[in-house]
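Please open the structure in your viewer and keep the selection tool at hand. The stops below say what to select and what is there.

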Amino acid sequence: AYEIHERLVGSEMCIRDSLTNAHITARSKSKVRVAFKNYGFSPVKQVYVDPRIDIAIVQIDPKLIPKEAKEAKLKCNGRVPSGTSVAAFGHPKGLSFSASRGIVSKYRFLYGKDVIQTDTAINKGNSGGPLIDMNTGLVIGVNKSSFTKSTGLSFAVPSKNVCIILDLFNKGKNPSPINLPIRFAEDREAEDYLKVGSFYHKGKNIEIGSSLISVNDTQIKTPSELDFFLRGKVGEAKLTFRNNGSNKNYTIIINPEEKILDRKYLYLAGAIISRDPRMMYDEKEKPFLIHSVVDGTEAELAGLWQHCWIKSVNGIEPKTLKEIKKISEGKKSLGIMTVSYTH
């Protein structure tokens with residue numbers, strides 16, 4: 001975790017917020033440590049995890065931060081042009097405190113998220129590190145991933161979205177994604193991402209095939225823009241859809257999802273099991289989601305994987321986490337049926 005931000009609490013205590021990826025800290029309560037160059041590891045505390053865009057906020061005791069450490073400044077507005085020179089910092093393949101250089105290829109919407117595509121080498125170990133604009137020194141993104149067996153296809157979370165989360169968090173608001181009754185289909189070739197796959201309104205699934213064009217009269221281009229436009233808001237929102245040249249408006253009630261670190265979950269042989277709040281509007285049964293699986297555990301060896309759903313345990317369709325726990329207690333083995341489908 002490299003991006004460090006200072007804020008004051010009360011009149012005396014100073015807290016340092018640091019950013020990394022949710023897949024680095026894990027998506028549930030975990031023990032996390034950070035290291036500064038030429039210093040050992042220090043413990044930090046998870047305070048917010050956002051698996052939707054793969055971002056986590058951790059806090060460190062200021063006394064543990066070396067005096068020579070510098071605060072990384074985030075670029076919180078606008079985008080840098082394609083072709084801008086950037087550098088990525090991290091620990092690729094265990095090679096500590098390394099830098100690689102490239103350009104911004106494009107800001108794009110990919111797999112349900114806004115990302116910065118760059119040809120800068122981002123390998124395993126670069127995750128959570130900054131993507132820095134070489135012209136300004138500002139952090140424009142948080143490195144997150146690359147395509148397997150690809151060359152020049154790496155991705156970072158745009159700092160603009162990270163700034164929104166940090167600002168809400170520091171104001172004491174819940175920065176979690178809004179729980180929306182709408183799912184979108186996407187046409188990546190045409191870069192059309194706002195066609196309605198399902199929209200549950202007043203008990204009915206409507207406007208399938210229509211396109212969302214605005215929220216509260218503000219034009220929206222991607223589902224991620226919709227997500228971040230509404231973060232931190234509660235109450236009503238007006239959605240406008242277009243179909244065959246005509247528009248329709250709907251008013252919905254919006255609320256943020258429960259914070260991931262506050263959710264109730266069950267740890268079963270290396271698998272973190274909990275409900276998925278986004279399932280509440282789905283026509284299907286509401287099985288329990290496996291949020292993560294620890295490498296090398298019995299859960300992984302049994303073939304369970306992240307983001308599959310539990311349909312039954314020993315032939316029983318569980319209604320609560322306590323029921324899964326009761327079925328599992330004292331058993332040397334379990335028969336778990338899973339189901340996988342996408343929205």
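Select Phe241 and Tyr250, both of which are buried, a word used here for under 20% relative accessible area, with exposed meaning over 50% and partly exposed in between (1.4 Å probe, protein chains only). This is a predicted model, in which local features need pLDDT of at least 70 and side-chain atom pairs count only at pLDDT 80 or more, while totals for chains, interfaces and linings use all residues. Residues are numbered from 1 along each chain as its sequence is written, and side-chain values use heavy atoms, leaving out hydrogens and water.

Phe241 and Tyr250 also form an edge-to-face aromatic pair, 5.8 Å centre to centre with 70° between the planes; rings of Phe, Tyr and Trp (its six-membered ring) pair if their centres lie within 6.5 Å, and planes under 30 degrees apart count as stacked, over 60 as edge-to-face and the rest as tilted.

Next, select Tyr111, Phe147 and Phe155, which ring pairs link into a cluster. Phe147 is partly exposed, with a relative accessible area of 32%.

Then move to Arg231, whose charged end sits over the ring of Phe228, 4.3 Å from its centre, and to Lys233, whose charged end sits over the ring of Phe229 at 4.8 Å from the centre. For this, NZ of Lys or CZ of Arg must be within 6 Å of the ring centre and within 35 degrees of the ring normal.
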